[in-house]
Amino acid sequence: MKPQITIGFDAKRIVRNRTGLGNYCRTLVNDLAAVMPESRLRLYTPIKGCADLCERIEPRPNVEFVMPRHTIMPGHHSLWRSHGIVRDLKADGIDIYHGLTGELPYGLRRAGIVGVVTIHDLIFLRHPEYYHWYDVWIYKQKFKLACREAKRIIAISECTKRDIIELGNVDPERIDVVYQSCSTRFKTKTDQEQRRAAASRYSLPERYVLNVGTVEERKNVGLAVEALEHLPDDVHLVIVGRRTHYADKVEALAAKRNVTDRVHFLSNVSTDDLYAIYQMAECFVYPSRYEGFGIPIIEAIQSGLPVVAATGSCLEEAGGDSCRYVSPNDAEALAAAIKDSLPGTPDREQRVARAQDYARRFENIGVAERVIDVYRHALGGY
């Protein structure tokens, strides 16, 4: 790979998403900019987005945001990202265009621009029951287009790679597994005053296990509600994340199991408060039926928590063998694993330490260097 290249990125999630995919994109771009000072990184977005999110991209001379050259009519932003952007990429001399969240524009290969795409998961194909039928159709078309236009495909886990091969009929030689780049910010230690303030602000119970993520059916937090029946009465469940209709089902389940007073929903939690909420928990529980990777598991490990998660997708890859894993249908097994992870249980602290050693493989610069290897391979020719 020549020492100086120009790389374009789909920055839609960078300027709009506060968690999940947005964090992945921002962390990776920041890491790449630091280790590729001679190269230009151009972040393409049809809208300015949220100023505070843009500011999370570290100011460097080799990084810049790029808006469309021509005025886009309201409602046509997606059309520019899927078609019109190619003309701008050619004019800017882009060597590689990286679709950070599973999408590439039509005509990229024909324009002579090397395409790389990161695919996070194929849940819409593996579990279409969690989506509206029209959304499934749209996501399928985007997936097929990305596979056609990409020279190299990055899968964020071995699980996702297997899905791409099976469900997309893609040659495995075109796929590189590069785990998500995770920042180390959840290692930030909070002091007693920060913890007291967060506990007061959100009326946190004295003892709780924690779940973080959108409250949706696929993530299966209802299993953790069922597990409360088999845990000590003073152990509560705190759920942090955006509510969907599934949250109403979780509340109804809590009422049916007579544990309503032990289930706490929190939304719009600030980053600083989230650090404290993690660090005051006794255990992290993540019974999701399917994930592409599972960033909250890494956040919990960095926060010093033992983790109990579900089998069946990629969560064992995220947490390593020092975490506990149970069937996503077995509430009693989940409760037993949580009991085995509460303070004072044998080997708890040693398991946390081993998990933290394992999680270091996902942190920052090492991941960026793996992505650079993918770029180098991609530039070897079609």
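These are my notebook entries on what I looked up in this predicted model.

**Ground rules.** I number residues from 1 along each chain as its sequence is written, and I use heavy atoms for side-chain values, leaving out hydrogens and water. Because the model is predicted, local features need pLDDT of at least 70 and side-chain atom pairs count only at pLDDT 80 or more, while totals for chains, interfaces and linings use all residues.

Entry 1: I looked up backbone angles first. Most residues other than glycine have a negative phi. Asn169 is not a glycine, yet I find a positive phi of about 50° there. Asn220 is not a glycine either, and its phi is positive at about 65°. I note that helices (H or I, at least four residues) and strands (E, at least two) are DSSP runs, numbered from the N terminus. Asn169 sits in the loop between helix H7 (158-168) and strand E7 (175-177). Asn220 sits in the loop between strand E8 (208-212) and helix H9 (222-227).

Is each of them buried or exposed? I use relative accessible area: under 20% is buried, over 50% is exposed, and in between is partly exposed (1.4 Å probe, protein chains only). Asn169 has 71%, so I list Asn169 as exposed. Asn220 has 7%, so I list Asn220 as buried.

**Entry 2: two helices.** I then took helix H12 (residues 295-302) and helix H15 (residues 348-359), which pack at an angle of about 125° with their axes 9 Å apart. The axes are lines fitted to C-alpha atoms, for helices over the stretch in contact, and angles run from 0 to 180 degrees between N-to-C directions. I call H12 and H15 oblique to each other, because angles under 35 degrees count as roughly parallel, over 145 as roughly antiparallel, 65 to 115 as roughly perpendicular and the rest as oblique.

Which residues meet? In H12 I list Ile298, Ile301 and Gln302, and in H15 Ala355, Gln356 and Ala359. Contact here means heavy atoms within 4.5 Å. The contact residues of H12 with H15 divide into 4 nonpolar, 2 polar and no charged. In this scheme Ala, Val, Leu, Ile, Met, Phe, Trp, Tyr, Cys and Pro are nonpolar, Asp, Glu, Lys and Arg are charged, and the others, Gly among them, are polar.

**Entry 3: aromatic rings.** I find 13 aromatic pairs in the structure. Rings of Phe, Tyr and Trp (its six-membered ring) pair if their centres lie within 6.5 Å; planes under 30 degrees apart count as stacked, over 60 as edge-to-face and the rest as tilted. Tyr179 is partly exposed at 23%, whereas Phe362 is buried at 0%.

Phe284 and Tyr286 form a stacked pair, with 5.9 Å centre to centre and 25° between the planes. Both Phe284 and Tyr286 are buried.

**Entry 4: a buried threonine.** Last, I looked up Thr118 in strand E5 (residues 114-119). Thr118 has 0% relative accessibility and counts as buried. Leaving aside neighbours within four places in sequence, I find Thr118 in contact with residues including Tyr24, His98, Ile154 and Ile156.
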